[in-house]
Amino acid sequence: MAHNKMLQREGFKLGTFSSNCSSGMTVSKAPERWVNSWENNLELGKMLDEAGMDFILPIARWIGYGGETDFHGGVLETVTWATALLANTKDISVFATIHTTANHPVVVAKQIATMDQIGQGRAGLNVVAGWNKPEYEALGLTLPEDHETRYGYAQEWFDIVQKLWTEKEHFDWEGEYFNLKGVKGDPWPLNGEVPILNAAGSGLGREFATQNANYLFTPAIDLSRSVGEIRELREKAAGKGRDVGVLTFSHVICRPTEAEAKEYHDYIMSQIDWEAVDNLVNLQFAHAQSFPHDLLAQIRNVMALGHGGFPLIGTPDQVAEGLIRLHDAGFAGTTLSFVDYVEEFPYFRDEVLPRLAAAGIR
């Protein structure tokens, strides 16, 4: 079997999130906010790989969130971005993020399998069933208002991808949404599969994730709430004969002293692009259920700093303690974001990763 860290469940998984997007996960006007150039992404990818990180996860976007910064207005397309990273790294898993409605399953199956060939088994697929209505309108598509249609389409789409990855002969497909003639998947993923990630908040979304994904992606807003939520999700998956890990996402400000970390936090928060934040929050309320709606109104500041990610702010000891708390709550891992990934990751690598190893979770 080819090596893919995300097909192996040991250890608390760590990756980065959204480095392909302008400003990363920080909706700030600060001049040092992340520049999502290919040069920066390549430097970060090599750095993460050498540090033994597990995965890199992108966000797929076609239009930004407006405001002065047009947050996420600039985005490196995820399949080509991931393929190039796989060609330039050795051990780390790299995901492509694919919106089912905007991408034909026969094309995607071949794209991901080709990525996997290039990365010698290290590709991953993050499936998005759809939520951002303005993006659908920008592409001339209609976002179904009901989750039943979104996930019915996504399930058939995913079933086709899976069949293309396992069936060795040509086949026809006659379904509710697709009518295919004489298709075949060659090439195939080296392991016969790639790790599947899916963010899910609604009941139907979680049915889809526990049926199909290796990892369900969900926010960690209240860890006391997360404990029971993770237990229920894993029990739901186990009832289907599946072992599904639950991942979350975090935002890191790590400095030698707590005062320095708080000072930088306050500096970034003093320059937030609030118009873009409100556009982001309003879209989450209107069309998505990834965030619990009873908590969304409480987390406007967290959305501004790290797109809703779990805050890891403080000294290396405090940041490591926060990650250990996520582990103890039952999360299988987390993504990380920084205001400037390339500038800030080395300190995290040198100071926090050894503390996690000493704690036995890495």
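α3 passes α5 in a right-handed crossing. A crossing is called right-handed if the near helix is turned clockwise from the far one by less than a right angle, and left-handed if anticlockwise. The structure is a predicted model, in which local features need pLDDT of at least 70 and side-chain atom pairs count only at pLDDT 80 or more, while totals for chains, interfaces and linings use all residues. Residues are numbered from 1 along each chain as its sequence is written, and side-chain values use heavy atoms, with hydrogens and water left out. Helices (H or I, at least four residues) and strands (E, at least two) are DSSP runs, numbered from the N terminus.

The axes of α3 and α5 (residues 147-166) lie 9 Å apart, at an angle of about 45 degrees. This makes α3 oblique to α5. Axes are lines fitted to C-alpha atoms, for helices over the stretch in contact, and angles run from 0 to 180 degrees between N-to-C directions. Angles under 35 degrees count as roughly parallel, over 145 as roughly antiparallel, 65 to 115 as roughly perpendicular and the rest as oblique. On the α3 side, the residues that meet α5 are Pro105, Val106, Val108, Ala109, Ile112 and Ala113. Their partners in α5 are Trp157, Ile160, Val161, Leu164 and Trp165. Contact here means heavy atoms within 4.5 Å.

His104 is found in the loop between β3 and α3. His104 is partly exposed, at 38% relative accessibility. The classes are buried (under 20% relative accessible area), exposed (over 50%) and partly exposed (in between), with a 1.4 Å probe and protein chains only. Not counting residues up to four places away in sequence, His104 touches Trp157, Phe178 and Leu180. Thr78 is 26 residues from His104 in sequence, and their C-alpha atoms are 15 Å apart.

Thr78 belongs to helix α2 (residues 78-87), where Val79, Trp81, Ala82, Leu85 and Leu86 are buried along with it. Seen down the axis of α2, these buried residues fall within an arc of 160 degrees, so they line one face of the helix. The arc is that of the directions from the helix axis to the C-beta atoms. Thr80 and Ala87, on the other side of α2, are exposed. The buried residues pack against α1, β2 (55-57), β3 (93-99), α3 (105-118) and β4 (123-128). At the start of α2, a side-chain oxygen of Glu77 comes to within 2.9 Å of the backbone nitrogen of Val79.

α2 also packs with α1, at an angle of about 45 degrees and with the axes 10 Å apart. α1 is therefore oblique to α2. The crossing of the two is right-handed. Trp38, Asn41, Leu42 and Gly45 of α1 make the contact with Trp81, Ala84 and Leu85 of α2.

Ser19 lies in the loop between β1 (13-17) and α1 (38-50). Its relative accessible area is 2%, so Ser19 is buried. The side chains of Ser19 and Asn41 are joined by a polar contact of 2.8 Å. A polar contact is a pair of N or O atoms within 3.5 Å; within protein, one must be able to donate a hydrogen and the other to accept it, and residues adjacent in sequence count only if both atoms are side-chain atoms.

The loop between β2 and α2 holds Asp70 and His72. Asp70 has a positive phi of about 45 degrees although it is not a glycine. Phi of His72 is also positive, near 65 degrees. Asp70 is partly exposed, with a relative accessible area of 32%. His72, at 0% relative accessibility, is buried. A cis peptide bond runs from Asp186 to Pro187, with omega near 10 degrees. Pro187 lies in the loop between β6 (179-183) and β7.

Helix α6 (residues 203-212) has Gly205, Arg206, Phe208, Ala209, Thr210 and Asn212 as its buried residues. Their cover includes β4, α5, β7 (196-199), β8 (215-217) and α7 (223-238). In helix α11 (residues 300-306) lies Ala304. Ala304 is buried, with a relative accessible area of 0%. Leaving aside neighbours within four places in sequence, Ala304 is in contact with Met25, Thr26, Val27, Met269, Ile272, Trp274 and Val277. Val277 is 27 residues from Ala304 in sequence, with a C-alpha to C-alpha distance of 5.8 Å.
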